[in-house]
Amino acid sequence: MKFGIDSGHNCPPDSGARGIQIEDDLTLELGNRVIAKLKALGHEAISCKPSKANTVKESLGKRCDTANAANVDVFVSIHFNFFNGQAYGTEVFAISEKGSKIAHSVLNEIVKLGFFNRGVKSGNHLFVLKNTKMPAILIEACFIDSQKDMNLYNAEAMANAIVKGLTS
Ligand SMILES: [Zn+2]
């Protein structure tokens, strides 16, 4: 299988949220771990994060262009959530039926780590899901402003869960 892995943000002015931790740092580390683990299993995995963009829309568009040009089988955008310090848990967005199936598989593996299951949600409003041609998911791994989630979060365990969900 060929995966397009999109580490969210990390392309100013497309910058992520700042809570107890910085979203950009976590998505980059997690995305790199997921790519390495998929390759170690014999899959193809490309990074879809652009090196530069002038606007957020251009940053998002380039991620889709990379995935579409490479004709990846599955597009995976990695993000962390941010709300009011009280919300916690994991949610995964998808649009298509195939995407939704993959989203459930990934979500089920992540909640095994102890994160609260916020469900698979419709990603009709999400640019990178709307503008990629293949089954696509957007993972909100957990909340960076939740002490509960940040205490539980471990990049290695989260990467393993995502890879297991994508490949099983
Ligand atoms: Zn984000």
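**View 1. The largest pocket of this predicted model has a volume of about 200 Å³.** Here a pocket is an open set of points on a 1 Å grid over the protein atoms alone, where a 1.4 Å probe fits, with protein on both sides within 12 Å along at least five of seven lines. Its volume is the space filled by probe spheres set on the points, which are joined across faces, edges and corners. Lining residues have an atom within 4 Å of a point, and they are M1, V74, K98, K101, I102, S105, P135, G165, L166 and S168. Two elements, α3 (97-111) and α6 (155-167), each give two or more residues to this lining, and α3 contributes the largest share, four residues. Helices (H or I, at least four residues) and strands (E, at least two) are DSSP runs, numbered from the N terminus. By class, you will find five nonpolar, three polar and two charged residues around the largest pocket; Ala, Val, Leu, Ile, Met, Phe, Trp, Tyr, Cys and Pro count as nonpolar, Asp, Glu, Lys and Arg as charged, and the others, Gly among them, as polar.

**View 2. Six strands form an open sheet in the order β2-β1-β3-β6-β4-β5, with mixed pairing.** Two strands pair if DSSP finds at least two bridges between them. The edge strands β2 (44-47) and β5 (117-122) each pair on one side only. On average, neighbouring strands of the sheet are turned by 20° against each other, direction ignored. Strands β4 (residues 90-94) and β6 (residues 136-143) run antiparallel and are joined by four bridges; V92 has I139 in β6 as its bridge partner. Helix α6 packs on the sheet and touches β1 (2-7), β3 (74-81) and β6, its direction making about 155° with that of β6. Contact means heavy atoms within 4.5 Å; axes are lines fitted to C-alpha atoms, for helices over the stretch in contact, and angles run from 0 to 180 degrees between N-to-C directions.

**View 3. The zinc ion has H9 (NE2), E23 (OE) and H79 (ND1) as its protein donors, 2.1 Å away.** Donors are N, O and S atoms within 2.8 Å of the metal (3.2 Å for Na, K and Ca); water is not among the atoms, so sites may look incomplete. Along the chain, the donors follow the spacing H-x13-E-x55-H. E23 belongs to helix α1 (residues 23-40) and H79 to strand β3, so this pair ties together parts that are 56 residues apart in sequence.

**View 4. A cis peptide bond joins P12 and P13, with omega about 10°.** P13 lies in the loop between β1 and α1.

**Notes.** Residues are numbered from 1 along each chain as its sequence is written, and side-chain values use heavy atoms, with hydrogens and water left out. In this predicted model, local features need pLDDT of at least 70 and side-chain atom pairs count only at pLDDT 80 or more, while totals for chains, interfaces and linings use all residues.
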